[in-house]
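Let's take a walk through this two-chain model together. Have the coordinates open and follow along, heading by heading.

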Amino acid sequence: MDYRERWELKDYLIGRRLDRRILTLHVMLGLALFGFVVNFWYLQGVHGEEYKVLAENNRMRRVTMSPTRGVIFDRDNLVLASTRPSLTLWMTREDKHDKLPQLERLVPILDIPLEELQARLEKMRGRPLFEQFMLKEDVSLDELAHIEARRERFPSISVRETARRHYPDGPVIAHAVGYVAQVSEAQLANSEDLSAGDIVGKSGVERAYDDSLRGLRGWQLVSVNSLGRQIGDARIEREPDHGDQIRLTLDMEMQRALYDGFGTEAGGGIFVDVKSGAVLALVSTPSFDPNLFADGFTQEKWKAIIEDPRRPLHDRAIASFYAPGSTFKVVMAIAGLEAGAVTPEHTVFCNGGKSFYGRRRLCWKRGGHGWVDMRKALAESCNIYFYELGQELGIDAIHKYGDMLGLGKMTGIPLSGEERGILPSQDWKRQALREIWYPGDTISVAIGQGFLAATPAQLAVMMASVASGEKPRAPSLVQGLNAPAERLPVSERTLEIVRAALKRAVDRGTGREATLGQFSVSGKTGTAQVSSTSAGVDSNDLPKAQRDHAWFVGYAPAEDPTVAFAVVVEHGGHGGSMAAPIVRQVLERYFNTEPPAPAGGEPADEDLNKPQEESGDVSIATSR
Amino acid sequence: MYRSRLLDSLDWPTIAATCGLVAIGIFSIASATSGNWQAGIWRTQVVWFALASIAAIVIVVVDYRVWAELALVMHGVVLVLLGFVLFFGRSVGGNQSWLVIGPARLQPSELAKWTTCLVLAVYLARRVRGTLGLRQLVEMAILAGAPLALIGMQPDMGTALTFVPIILAAVIIGGVRWKWIVAALIVGMLLVPVTWPRLKGYQKERILTVFDPGRDPTGVGYQVRQSHIAIGSGGVTGKGLFKGTQNRLNFLPAQHTDFVLAVFAEEFGFIGVASVLGLFYALFRRGITAARSAQDRLGTYICLLVGSWILGQMVINVGVVLGRLPTIGVPLPFVSYGGSSLIAALCGIALIVNVRSRRFVN
C-alpha cells in the first residue's frame with residue numbers, strides 16, 4: 001500500500017466538526033492578539049511620550065563640570081591659595097592583564113604595602129567593573145617617572161589629572177585663609193547652589209568668600225549605557241563659571257614673621273592697618289596644614305587634628321578670649337578722664353598694696369610706685385591707681401567706654417567663629433550669672449581681670465581706634481573700599497594723654513622689647529591670669545600649664561600710627577618677654593628695616609628670654 | 001514534471017510571511033547588538049537561516065506522509081538526545097540544554113517541538129475518532145509528556161511551557177468532553193498550593209511581578225520595566241532602524257533573544273509591532289487554509305498543531321515582553337536570535353507548506 005493511501009481522507013462530518021474546533025483555536029488566538037494590540041497601543045500610542053522621557057532619562061546623565069576655584073593672593077600678589085593640577089594613579093580592573101604582578105611592582109615605587117593595595121582592590125569587588133581602582137592620589141612626578149619608564153610593565157595603570165587646592169605656605173596662613181573640603185550634609189541642606197561632592201570653603205577666607213571663590217559649576221550631558229559607562233562624546237550644556245580671584249589685605253612677610261615668632265608657643269596675633277582696618281597678618285598657633293584637607297583626608301589624620309589637645313583648628317586670634325589684663329587699663333584711663341572721675345594731674349600713692357572692700361589687693365611692684373598720676377600709672381601699669389579709679393567709676397561707666405572701644409562685641413571681621421568675649425556690667429552679671437554685681441567685682445575688672453575677656457582681634461581693633469581717634473572699625477581681609485571714619489567720642493586731650501603713656505610704656509616700661517631704633521612703638525603689655533596660684537609668683541617658676549597668658553597690644557609708629565596689633569601667647573608668662581619680641585619681628589617686616597630672614601631663622605636678640613622686671617600685673621584673684 | 005508541479009503549488013504567501021519575519025529578526029538582532037560585544041552576531045543568524053532553509057526544503061520535498069511514517073522514530077531519537085544532554089550537555093544560563101556538535105550548539109528541545117507535533121498529528125489521525133477517550137488522553141500525554149518532562153528536568157521551564165499550546169491544540173482538535181476540561185482545571189488549581197512552595201525564589205518573584213509590576217524594580221521587575229520603556233518610547237512610528245537607544249545601550253536585557261520584539265517595537269513603533277503581529281496572524285490563517293484543504297486528516301492535524309505551536313510560542317513570548325506573563329526564556333519564532341529555534345520553526349512552516357502543496361489528490 002502506498003504511504004499516501006494509509007491515511008484517512010476527510011469526510012464531510014469530520015470537516016464540520018473540525019471547523020468548530022478550529023474556530024475555538026482561532027478565537028483563543030484572536031483574543032490574545034487583540035489583547036496584545038491594545039496593550040502595545042496603550043504603551044506606544046497613549047503613553048509613548050512619557051516613555052520617551054523615561055528613555056531619555058535612562059540614557060542621558062548630567063555630569064557636573066567643576067569650576068576652578070579662585071586664586072587667593074596677598075596684598076603683594078603672592079599666591080596664598082591656588083588650584084593646581086594633581087595626578088591620580090588609577091588601575092583599570094576590567095582588562096585582561098594580571099593585577100597582582102603590577103601591584104607588586106608598584107610597592108617599591110609608591111611605598112604602599114602590598115597587603116593594603118590588595119585589601120583596597122578587594123573592597124572594590126561588587127562595584128561595576130568599569131569603575132577604576134584608585135591607587136594613589138597626588139602622585140609625585142618622581143613616582144610617575146618610575147612608572148612611565150617601564151610602561152609595558154604596568155598595562156592596567158592610568159594617570160588622571162584632577163584639580164586640587166594648594167596652599168604654598170600651609171600652616172602659616174591656615175587660620176586666615178582657611179581650608180576647603182567636600183561640602184557637608186548640613187551645608188547641602190542649607191544651600192540650593194551646592195550639590196554633593198562640591199568643594200567648599202570650610203574656614204577662614206575660603207569660607208567667608210566661598211560664594212565668589214567657588215564659581216558656578218557647569219554641566220555636560222553624556223550618553224551612558226545601562227551600566228553607567230559613558231559612551232560617545234559629552235555635550236556641554238553650560239560651561240563652568242570659574243571662581244573669582246581674591247586679593248587679600250594680608251602681607252605674607254608679616255604673616256610669616258608673626259607665625260615664626262610664635263615658634264612652638266600657642267597663641268594668637270593680629271595686625272591691622274590703623275586707617276583702613278585691613279588685616280595685615282592673622283596667626284593662630286599651633287597651626288595645621290590646610291593642604292591635608294585637600295588630600296584624601298584619612299580618618300586617622302582627621303582624628304589626630306580633632307583630638308589634639310592643643311586644638312590646632314581653633315582660631316585663637318578671633319575665637320579665643322582671654323582676660324585682657326593690664327591692656328584694659330587703656331579703657332580705664334579713657335573712661336576715667338572722659339567721665340571726669342580723675343584729672344590727668346590727680347595722683348595716687350602706691351605702696352604696693354591696698355585693701356578694697358575688705359580684701360587686700362597688690363600692685364605687681366612689691367615696693368610700690370610711690371606717687372603716680374595717670375600718665376605714670378598707665379605707663380608703668382600701677383594697679384593701685386586703677387583699683388581706685390575703678391572704685392570711683394563703677395562698673396557701668398567702665399562698660400560704657402569698653403563698649404565704645406569695641407569690647408564685648410564682635411569686631412565684624414569677615415571670618416566665621418568669631419567670639420565676642422565678655423565686657424561685664426551689672427546687667428550682664430544679672431543675666432548671665434543670675435547674681436548681683438558686687439563692688440569687689442569692679443576692682444578686678446579695673447586691672448583687666450575678673451569677668452573680663454577679650455580676643456586678640458578686639459584688642460587690636462581697640463588699639464587702632466586709640467591710635468586713630470576713630471570708632472572701632474571692622475577688620476577687613478579683602479582689598480576694597482572702606483567705610484568713612486567716625487570720630488571716637490573722646491576728647492583729643494584724653495587720647496593724647498593715653499597715647500603718650502603708651503609710648504612711655506614701651507620706651508621705658510613694660511613693652512621695652514618692642515622698641516626699635518628706627519621707629520617707635522606705643523603699646524601695653526598684659527597678663528591674663530590662668531590660676532590663682534600664679535599670684536605673686538614669678539611666672540617662669542611655674543609649670544607651663546599654670547603660667548599666665550602674655551599680652552602685648554599697641555600700634556606703630558608712635559608718632560603717626562599706621563599699624564595696630566594684639567598678640568597673646570598662651571602661658572607665656574610675662575607679656576614683655578614673650579609677646580613683645582614677636583611683635584617686634586613682625587614690625588621689622590612691616591617697616592622693612594631688615595632684609596627678610598631666611599625661613600626658620602631665629603630672630604637674634606640674646607636677652608629676649610630674660611624676664612622683665614616690670615612685666616604685667618600681680619593681683620590676688622577676685623572672688624565672685 | 002513533479003518538481004515543477006511542486007513549485008507551482010507551493011504556498012508562496014506563507015513562505016513570504018516567514019521570510020519577512022526572519023528578515024525583521026535579523027535587522028533587529030543587528031540593531032540590538034550593534035552597541036556591544038556581540039555586534040555582528042546577525043551574520044551568524046543569516047547562516048542559521050541558510051541552514052534552516054536547506055532543512056525546510058528537504059522537508060517540503062519529501063511528502064509529509066513519509067515524515068509521518070518516520071515520526072515515531074524521529075521522536076525517539078530526539079528523546080534520546082534530550083536524555084543525552086541531561087547528562088552530557090553544555091550548561092548555558094543554568095539550563096543544561098545544549099548539544100555541542102563541532103562549532104555548532106544545538107538545542108534538542110527545539111527539535112522536540114517539531115517531532116511532538118508530528119507524532120501527535122499521526123496519533124490523532126490514526127487513533128482518534130469522534131472525541132478523545134481517557135485511554136487516548138493518557139497515550140497522548142505520554143507522547144508529548146516524555147520530551148516535556150526531560151526538558152523540564154534541564155530545567156528549561158520556558159521551552160517546556162511552549163509544549164502547552166501544542167498539547168492544548170491536540171486536545172481541542174481531537175475533541176474532548178467539557179467535563180475533562182473542567183476536571184483538568186480543578187486538578188490544576190489544586191496543584192497550585194502543592195507546586196508553589198517547590199518553586200525557586202526567583203520563579204516566585206517572576207510570577208508575582210506579573211501581578212505587581214512595580215515590585216522589585218531593580219531585580220525581576222527591571223526587565224519588564226526596561227522592556228516597557230523601550231516599547232513605549234518607540235511611540236506610534238518608532239525611532240527608526242538602528243536609532244533605538246534603550247536596546248543599543250544595553251538597558252534592555254536579552255535584547256536580541258527573548259526581548260527582540262521590544263527592540264523592534266522601539267525602532268518601528270506601534271505600526272511595526274502591529275505588522276509583526278499581523279504577519280503571525282497571516283501565518284495562522286494560511287495554516288488553517290492548509291489544514292482545511294489537506295487531502296487527509298493527517299495533513300489537517302499537522303497544519304493545526306504546527307500552527308498552534310508557533311502561534312502559541314509567539315503568544316507566550318509577547319506576553320513575557322509585555323509583562324503579562326512571568327519572565328521565562330521563550331524565543332519569538334523566526335525573529336529571536338538562535339539557530340535551533342529558527343531551524344525548528346522553519347521546519348514547522350515547511351510541514352505546513354508541504355501539506356498545502358499536496359492538497360490535490362493525485
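This is a predicted model: local features need pLDDT of at least 70, side-chain atom pairs count only at pLDDT 80 or more; totals for chains, interfaces and linings use all residues.

## The sheet of chain A and its helices

Which strands of chain A does helix 19 (residues 456–468) lie across? Helix 19 of chain A lies across strand 11 (267–273), strand 18 and strand 19 of chain A, and runs at about 150° to strand 19 of chain A. Helix 20 (residues 492–507) of chain A also packs on the sheet, where it touches strand 17 and strand 18 of chain A and makes about 70° with the direction of strand 17 of chain A. Helices (H or I, at least four residues) and strands (E, at least two) are DSSP runs numbered from the N terminus, and angles run from 0 to 180 degrees between N-to-C directions of axes fitted to C-alpha atoms, for helices over the stretch in contact.

The sheet itself is open, with five strands of chain A in the order 12-11-19-18-17 and antiparallel pairing (a pair needs at least two DSSP bridges). Strand 12 (279–285) and strand 17 (522–528) of chain A stand at the edges with a single partner strand each, so one side of each has no neighbour in the sheet. On average, neighbouring strands of this sheet are turned by 5° against each other, direction ignored. Strand 18 (residues 549–556) and strand 19 (residues 563–569) of chain A run antiparallel and are joined by seven bridges; A:Val553 stands opposite A:Ala566 there.

Residues are numbered from 1 along each chain as its sequence is written, while chains are lettered from A and ligands numbered from 1 in the order in which they are written.

## Helices of chain B

Helix 4 (residues 64–88) of chain B bends by about 50° at B:Leu70 (the angle between axes fitted to the seven residues ending there and the seven starting there). Its buried residues include B:Trp67, B:Ala71, B:His75 and B:Val78 (20 or more other C-beta atoms within 10 Å of the residue's own, with C-beta atoms placed from the backbone).

The axes of helix 5 (residues 108–127) and helix 7 (residues 157–174) of chain B come within 11 Å and cross at roughly 10°.

## Where the chains meet

In chain A, 35 residues are in contact with 43 residues of chain B (C-beta atoms, placed from the backbone, within 7 Å). Helix 1 (12–46) and helix 2 (48–59) of chain A each give two or more residues to this side, and helix 1 of chain A supplies the largest share, 18 residues.

Definitions and conventions: A residue is buried if 20 or more other C-beta atoms lie within 10 Å of its own, exposed if 12 or fewer, and partly exposed in between; C-beta atoms are placed from the backbone. Two residues are in contact if their C-beta atoms, placed from the backbone, lie within 7 Å.
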